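Thanks for making time this morning; I would like to walk you through one structure, beginning with the contact between its chains and then turning to a pair of packed helices.

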Amino acid sequence: MALRELSSLEKYLGLKKPNKYSTQGDKKIPVLQNNNGPPLVGLVTIACHLVKEAKRPELLGDSAESRAVVQQWLEFRVTRLDSYSKEDIKTILKDLNAYLQDKVYMAGNQFTLADTLIYYGIHPLIVDLAIQEKEQYVNVTRWFNHIQHYPGIRHHLPPVVVLRNRIYTSRHH
Amino acid sequence: MKLFVSEGNPHCLKVLAAVEVTGVHCEAQYVSHEEKVVPFLSRPALPALLLPNGQHLFSSNAICRYMFEVSGVESTELCNQWLEWEATDLQPALLQALHMTVLQGKGSEVSKVIQGPLNYLVQSLSKINTPYLTGEAVSVADVVLWAALYPILLDSGVALGEHKSFKLWFDRVNGMHACQTAAQKVLQGKGHECMKSYMQRQPAPQISQCRDMQPSNSTPAEADEGERLVSEEEIEAAALTWNKGLSPQATERKHPILPQEGKRNILLTSALPYVNNVPHLGNIIGCVLSADVFSRYGRLRGWNLLFVCGTDEYGTATENKAREEGLTPQQICDKYHAVHSSIYKWFQIDFDFFGRTTTEKQTEIAQDIFWRLHKNDFLVEDTVEQLCCENCKRFLADRFVEGICPHCSYPEARGDQCDKCGRLINAVELKEPQCKVCRQTPVIRTSKHLFLDLPKLESQLEQWLDKSTSGGDWTPNAKQITRSWLRDGLKPRCITRDLHWGTPVPHPDFKEKVFYVWFDAPIGYLSITANYTDKWEKWWKNPQQVELYNFMAKDNVPFHSVVFPCSLLGAQDNYTLVNHLVATEYLNYEDTKFSKSRGVGVFGDMAKDTGIPSDVWRFYLLYVRPEGQDSAFSWADMAMKNNSELLNNLGNFINRAGMFVMKFFEGCVPVMDLQHEDKRLLALVGWELQQYIQLMDKVKIRDALKHILNISRHGNQYIQVNEPWKKIKGGDTERQRAGTVTGVSVNIACLLSVMLLPYMPTVSQTIRDQLNAPQSCINTMLQGTGTFVCALSAGHRVGTVSPLFQKLEADQIEALKKKFGGQQLEDELPQKKKTAQNAASAQPVTVPVPAAAEVTTVNGVDSEKAKQLTQAVAEQGDKVRALKAQKAEKAVITAEVAKLLDLKKQLAVAEGKSPEPAPQKSKKK
């Protein structure tokens, strides 16, 4: 999963040469073999590295404050969205919904890497929401729909329909 | 900038140390653990930092990094990596360790929990030769890792002495004044005690949470294959039973069957087959046949049992079929209901009542349940967007829409699923949607619908499920599927549809709508029973007296274990809910799937044309019943099982036993003088009978069948060893011995006829007819744990004995295999065959699978051309390699590579393969 995300991110960043990745451990943590030094381990670490390589530092935030906020959500992604219980899902969606109430993007008014990785990470949760739940988390849904249509982001993931027409969720027929 | 911390919170150690190390000016405010500082988080999260721009940081690592950045030190990639590792790998282990130390007093066991991540850190430190993790100076990584480890290494049993470089690093950071100050602030010099009140407020860590354990699949039958030793007690007991008399004959079944006081009352249903399809063998074994075997068995056991089933007739598919065949939906249902009835009749499915869902009673009962759910407030209303055809003036069900698949661009994707890529589609996602009937482009319209509020019923359902699954016989797959639905959380489900062919929704706001089939169909069980007897409520509103068995294939489980029980629970009318949910896995056809459209497999109506008797079909399907795992129907295997098990084992034994009575004893059962050896056989047979009953009671139909075959194997061996055909020619003692062996054997044959009854009813009756056995033997043998009595005593006159089974010849089977292996479609539809072949490379999914031997002719392999092309490919390949070695100009190489690829493509075509390159295997997740 993480590897497909990284390759989608490479495409979005317009990196010409695709990197070679491997994984380590049961949790399949991505590893990037780096020519200029020791290998890089971890989704966030590698993603930040790719952003720097593509010379797009603004994607990590354009001030110390926004950089901190971006890093915080990147950490949220790998700690909260990569393993969760049934109860967690409700808390995650509720909190994000409250957070996004007055924001366009995860870090405020600018698109950053946090939007990309949270989008990839939350996709499996959103796919499973019934229309009533999408209504309930309207800010998350709005943000999600916006990001999935953001040019060049979606790549490996199927689009989720946010219209009020999902009689069933995608997983259960 | 304002920092919020709480005393005794280990995470605050990080941020306070970072403040001290960096010297960033920042006001720290001490609050209680429960203080909600970050407005958007539902759980209190500390430490938290209020940034100058008004935003909040709630991640301690992000706060530390920010402190360092403000002080002028940006985090390096290596720092990032350590911080990510700390958050994802170290923290979960530390949380568990702290939980154990602080709350459970199990500090000594902590090293086990943190061993893994700690080793990683120790190893990394031994490889570097700088004083700090990322270089010569202390960085955010050092502070964060020290602060994370400090509370747990504080007077813990984790020995650091042996890890020299780790100890050096830890002591170096720990010795910094800034760190000591922070530690004092957070822990107040009180150690673990100080963290107690914080830890008590945290949810218990869930690291060691196990995934569902797969139950072991081995059955007693498989575990016990070798020769069984019988004890002397068993032998004596078997001999005693042998001499018991027959029970009085059971009374005939009298309809209507109703629950009776003091009896085991069993209501048994088989999943309702959908009316517009001819059922295939997989459908038959999955529900009706399995249910039939169990109901026949149950009657033999003396249970008061009602077996109902019927055709499920409402819904889109019927409307569709009606349109295709130019009939009304009712006419379609009448036509196919008759088809189903005749197929089940041929398979000897002994329903007490085989009804249908398109009846008055269905409307009455479904609407009653609806109003009850409505009254009890378990229905929610919502609007849904749907495609609507303005030309046909109706909302289009998913199957009435076709268009381009949004995922793979397949042009004929259906509104619910794409046949090419198999993905589920929401009808409005289709590109260029078309109404299937008039080919106009539909528009999106909103429509009001009712949803069953499953989340509201979830806790009630779980309570009931706990009871039902622990007390009843649910197959493991049924439990597992149900658990996974509950684990994912229940969603409201729409129960109405914009269709005509269905049970009308009685609510005035939803006129013109009908109930959606999954809500409606299970109610069919009730209405079918109501059409059988007016006293149907004695079965369906009587959970105290009635046990309900549901038989189905596994795809039907959620509707019977979650959705339908929710409808009934919500209706609150003391309904009988399922006690035993018996679900089969899938039966494949010769290792592929049954497919009507591809003409692959045997369908119910074709089985009788094979000339193979219904009983043999039943036997083989039950022998390969997908019990516990998927299984496959195979013609060769069917022939083998018929010839080896039925003909050579079972049939041979029964026939020999009967023939000996006829030939050597003038058709009268001889006097039996039981020796120890005979009694031992009785005990062996009795044990097999006992196993059979235990398995059948648990609905292990396939496993139980093996024990029938074991008995005839014992019998054959017994005859073989005792050679009555020789002894009959000997002296008096020998003749008497021949008589005993023959008498015991013919009685075993009688027992076998009873045990076979659920599986092969005709053969079972034929055996008793040939032996002229008293009818009362059938309700004697299966009493209690098994009662093998001497039903044919000395002097009993047998009838005419003749062979029970016929050999299935190899050429006969070959012919059948050809006929049903996906070829008949081509005979019937020569036109379609051509188009399918032309499209072979583009859409391999829809092409009939040819038998392996025919590949050469079907795909038109041109071996001569292939040879030439292979040569050309090799030459061109050499050329490209040479150019590359010479470092020729890029354009030149590209042109030559293109030629090579083209040649390879031509070769693939000549070899009859798909010219597309083999799809790349997707990388593992």
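**The contact between chains A and B**

Please keep in mind that what you see is a predicted model. Where the two chains touch, the contact takes 49 residues from chain B and 55 residues from chain A. The size of an interface is often given as the accessible area lost when the parts come together, and here chain B and chain A bury about 4900 Å² between them, with 53% of that on carbon and sulfur atoms.

As for specific interactions, there are 2 salt bridges between chain B and chain A, and one of them joins Arg67(A) to Glu69(B), whose closest N and O atoms are 2.6 Å apart. Between the two chains there are also 14 residue pairs in polar contact, both residues being at pLDDT 80 or more.

Which helix of chain B gives the largest share of the side that touches chain A? That is helix 3 of chain B, which supplies 7 residues. Taken by class, this side of chain B has 20 nonpolar, 14 polar and 15 charged residues.

Let me now move to the helix pair within chain A. The axes of helix 1, residues 2-13, and helix 5, residues 113-127, come within 11 Å and cross at roughly 145 degrees, and the crossing of these two helices is right-handed. On the helix 1 side, Glu5(A), Ser8(A) and Leu9(A) meet Leu113(A), Thr116(A), Leu117(A) and Tyr120(A) of helix 5, and by class this contact has 4 nonpolar, 2 polar and 1 charged residues.

Methods. Residues are numbered from 1 along each chain as its sequence is written. Chains are lettered from A and ligands numbered from 1 in the order in which they are written. This is a predicted model: local features need pLDDT of at least 70, side-chain atom pairs count only at pLDDT 80 or more; totals for chains, interfaces and linings use all residues. Side-chain values use heavy atoms; hydrogens and water are left out. Axes are lines fitted to C-alpha atoms, for helices over the stretch in contact, and angles run from 0 to 180 degrees between N-to-C directions. Helices (H or I, at least four residues) and strands (E, at least two) are DSSP runs, numbered from the N terminus. A crossing is left-handed if the near helix is turned anticlockwise from the far one by less than a right angle, and right-handed if clockwise. Contact means heavy atoms within 4.5 Å. Ala, Val, Leu, Ile, Met, Phe, Trp, Tyr, Cys and Pro count as nonpolar, Asp, Glu, Lys and Arg as charged, and the others, Gly among them, as polar. Buried area is the accessible area (1.4 Å probe) that two parts lose on being put together, summed over both. A salt bridge is a side-chain nitrogen of Lys or Arg within 4 Å of a carboxyl oxygen of Asp or Glu. A polar contact is a pair of N or O atoms within 3.5 Å; within protein, one must be able to donate a hydrogen and the other to accept it, and residues adjacent in sequence count only if both atoms are side-chain atoms.
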